[in-house]
Amino acid sequence: MMVRAALEIELRKAATDLFAGDEQRAAEWLNKPAKALNGRKPIDMTNSDAELRLALDLIGRLQHGIFT
C-alpha cells in the first residue's frame, strides 16, 4: 500500500505540473477516463510501476503536444 501511495503522489504532482499548478483541474483530469489509457482513469494507473509509466508518458506527450 505504501508503494501505491507514493506512485499516486508522483502522478498527482505530474498532473498538477501539466495544469500549471492548478490542483483542481489536475484532479478533474486524473479522474476522467482517457482514451490513451484504454478508457481508464489516470488516477487508477498506480497499481504498478508499469501502469504509472503509461500515465506519466501520457502527461509527457500532452506537455509536448504529441497526441498520437
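A: Let us begin with a term: a residue is buried when its relative accessible area is under 20%, exposed when it is over 50%, and partly exposed in between, using a 1.4 Å probe and protein chains only. By that rule F19 is buried, with a relative accessible area of 17%. This is a predicted model, in which local features need pLDDT of at least 70 and side-chain atom pairs count only at pLDDT 80 or more, while totals for chains, interfaces and linings use all residues. Residues are numbered from 1 along each chain as its sequence is written, and side-chain values use heavy atoms, with hydrogens and water left out.

Q: What is the mean pLDDT of the protein, then?
A: The mean is 92, and 94% of the residues reach 70 or more; pLDDT is the predictor's confidence in each residue, from 0 to 100. Confidence is lowest in α1, at a mean of 90, and highest in α2, at 98. Helices such as these are DSSP runs of H or I with at least four residues, strands are runs of E with at least two, and both are numbered from the N terminus.

Q: Back to F19, which residue does it form an aromatic pair with?
A: The structure holds one aromatic pair, and F19 forms it with W29, with 6.4 Å centre to centre and 55 degrees between the planes, which counts as tilted. Rings of Phe, Tyr and Trp (its six-membered ring) pair if their centres lie within 6.5 Å, and planes under 30 degrees apart are called stacked, over 60 edge-to-face and the rest tilted.

Q: And where do the two sit?
A: F19 lies in the loop between α1 (2–18) and α2 (23–30), whereas W29 is in helix α2, so the pair ties together parts that are 10 residues apart in sequence. W29 also counts as buried, at 17% relative accessibility.

Q: Which residues of α2 are buried?
A: They are A26, W29 and L30.

Q: How many residues are in the largest nonpolar core?
A: It has 16 residues, and those with the most contacts inside it are L11, A15, W29, L30, L37, L58 and I59. Such a core is a set of buried Ala, Val, Leu, Ile, Met, Phe, Trp, Tyr and Cys residues joined through side-chain atoms within 4.5 Å. The helices α1, α2 and α3 (49–63) each supply at least two residues of this core.

Q: What does A15 touch?
A: Not counting residues up to four places away in sequence, A15 touches A26, W29, L30 and I59, where contact means heavy atoms within 4.5 Å.

Q: New topic: is T46 buried or exposed?
A: T46 counts as buried, at 0% relative accessibility, and it lies in the loop between α2 and α3. Its side chain is joined to that of R4 by a polar contact of 3.0 Å, a term for a pair of N or O atoms within 3.5 Å, where within protein one must be able to donate a hydrogen and the other to accept it, and residues adjacent in sequence count only if both atoms are side-chain atoms.

Q: And N38, buried or exposed?
A: N38 is exposed, with a relative accessible area of 76%, and N38 also lies in the loop between α2 and α3.
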